[in-house]
Each structure stands twice: as structure tokens, then as C-alpha cells.
Amino acid sequence: MLEQIVSGTLREGDRLPSENQMCRSFQASRPVVRQALLRLQADGLVVSRQGSGTFVQRRPPEGLTRFTAASTVADMLRCLELRMAVESQAAALAALRRTPAQLHDLQHALEDIEKQMGTGELAVAADFGFHQAVAKASGNALFEQVLQGLHDTIERGMTVALSITREGSPERARRVHDEHHTIYRAIAQRDMQGADLAMRYHLERLRQRVTDSQRDR
């Protein structure tokens with residue numbers, strides 16, 4: 001279903017086939033089809049209207065299924081949900097507890113992201129390094145461990161998001177860069193609430209960029 005939405009076979013506003021039709025088309029049981037629909041709804045791609053059926057609400061960028069298999073998209077988005085909870089709190093604590101050395105590490109990671117994006121590279125390692133530096137600055141090693149445990153899934157998500165960004169407009173790349181800067185400034189200014197909101201906003205925008213073809217075009 002995701003591939004059909006991404007390709008435009010199903011467009012915004014189109015009604016999805018009935019559950020019975022999808023069961024036959026995909027040779028899947030009704031519980032499997034319903035679980036797939038719930039995932040698409042959770043990601044904001046489809047909306048259910050009582051008495052009318054389920055409709056396509058938005059279409060992800062065409063590059064989404066070129067940069068990753070459709071079967072991995074759900075895992076990537078579920079990982080983002082966890083990151084929003086964990087990393088926003090890590091950023092808030094980093095604003096409270098960061099040391100001058102840790103702030104320097106954050107600035108260095110930020111410069112690496114800017115340099116690599118400026119040359120058209122996928123700044124995946126630098127991006128992960130920035131988020132890991134935020135976790136380290138929180139003063140709680142468990143935040144670092146959580147990110148490290150999710151390392152492969154996070155980097156796959158970053159690769160997809162940054163690949164889509166690279167194919168987009170310069171304005172899109174600038175916004176990604178500005179979001180990282182906003183997180184850094186809040187931590188540098190010891191603004192706990194600002195750091196929490198900046199990190200949550202950044203991750204929510206990342207999620208929107210991989211699920212909405214109209215976002216930051």
C-alpha cells in the first residue's frame with residue numbers, strides 16, 4: 001500500500017480498496033491488513049472516515065522507496081517516536097548540565113554537518129555524532145546507550161531523510177541546518193525548555209519530510 005501511495009497509483013484524496021479487496025490483492029489475512037492500515041494512519045498517510053472508508057491523506061516523497069525498502073519505513077518511523085521522547089529530555093538535561101568541553105564537541109559536530117552538507121555529502125555520521133554529543137552532554141550515560149543501541153536504525157533513517165533533503169531545494173537543506181543550530185543555541189544558553197522543544201521540533205520535521213511530499217519542497 002505504501003508503494004502504491006508513494007508511486008502515485010493512489011493519490012491524495014483517493015479511497016483505498018476495501019479490506020476484502022486488499023486481502024485478496026495482497027493475499028493477506030484481515031488482521032494483517034488492519035494492522036497495515038493502522039500503521040498508515042499512525043504515520044498520517046491515510047485517514048479513516050466513518051461510513052465512507054479510508055482515504056489517502058498525504059503522499060511521501062517519491063524518493064522514499066528508492067532509498068529504503070517499504071517494509072523498513074514503519075520501523076524507521078517507530079524509532080523516531082522513541083527518539084522524540086528520549087532525545088528531547090536529553091537535550092533539556094544537556095542545557096542544564098553541559099560542560100564547556102561538551103559544548104565545544106557539539107559545535108564541532110555542527111560544523112561537520114554544515115561542511116558535509118555544503119559539499120553535497122550525506123552527513124549521516126556527523127548528524128549521528130551531533131545527537132550522540134547531545135546525549136553525552138545530558139550527564140546520563142543511559143541516553144548515550146539508548147542511541148547507541150538504536151545506531152543502525154537511526155543511521156538508516158538519517159540516510160533516507162538526508163537523501164531526500166539532498167534532492168530537494170537549497171531551502172530545505174538550510175532549514176535542516178537551522179534546526180540543528182537552534183538545538184545548539186538552546187543548550188549553549190542553558191535554556192532547558194528551549195532545548196527540549198527544539199529537539200522535538202527537529203525530529204517531528206524529520207518525520208514530516210519522509211512522509212509528506214509537500215513538506216519543504
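Is Asp 196 buried or exposed at 19% relative accessibility? Asp 196 counts as buried, the term buried meaning under 20% relative accessible area, exposed over 50%, and partly exposed in between (1.4 Å probe, protein chains only).

This is a predicted model, in which local features need pLDDT of at least 70 and side-chain atom pairs count only at pLDDT 80 or more, while totals for chains, interfaces and linings use all residues. Residues are numbered from 1 along each chain as its sequence is written, and side-chain values use heavy atoms, with hydrogens and water left out.

**Salt bridges**

A salt bridge is a side-chain nitrogen of Lys or Arg within 4 Å of a carboxyl oxygen of Asp or Glu. By this rule the count comes to nine, among them the following pairs.

| Pair | N to O distance |
|---|---|
| Glu 19 and Arg 30 | 2.8 Å |
| Arg 200 and Asp 196 | 3.7 Å |
| Arg 207 and Glu 204 | 3.9 Å |

The salt bridge of Glu 19 and Arg 30 links distant parts of the chain, with Glu 19 in helix α2 (residues 19–26) and Arg 30 in helix α3 (residues 30–42), eleven residues apart. Helices (H or I, at least four residues) and strands (E, at least two) are DSSP runs, numbered from the N terminus. Glu 19 is partly exposed at 24% relative accessibility, as is Arg 30 at 32%. A network of salt bridges links Glu 19, Arg 30 and Arg 34.

Arg 200 and Asp 196 lie four residues apart in helix α11 (residues 192–211) and are therefore separated by about one helical turn. Arg 200 is partly exposed, at 36% relative accessible area. In helix α11, Arg 207 and Glu 204 are three residues apart, about one helical turn. Arg 207 is buried at 12%, whereas Glu 204 is partly exposed at 27%.

**Two buried helix residues**

Arg 83 belongs to helix α5 (residues 70–97) and counts as buried because its relative accessibility is 4%. Its side chain makes a polar contact of 2.5 Å with that of Glu 87; a polar contact is a pair of N or O atoms within 3.5 Å, and within protein one must be able to donate a hydrogen and the other to accept it, residues adjacent in sequence counting only if both atoms are side-chain atoms. Beyond its neighbours within four places in sequence, Arg 83 is in contact (heavy atoms within 4.5 Å) with Ser 88, His 131, Ile 154, Met 158 and Leu 203.

Gln 132, in helix α7 (residues 124–137), is buried at 15%. Not counting residues up to four places away in sequence, Gln 132 touches Glu 144, Leu 147 and Gln 148.
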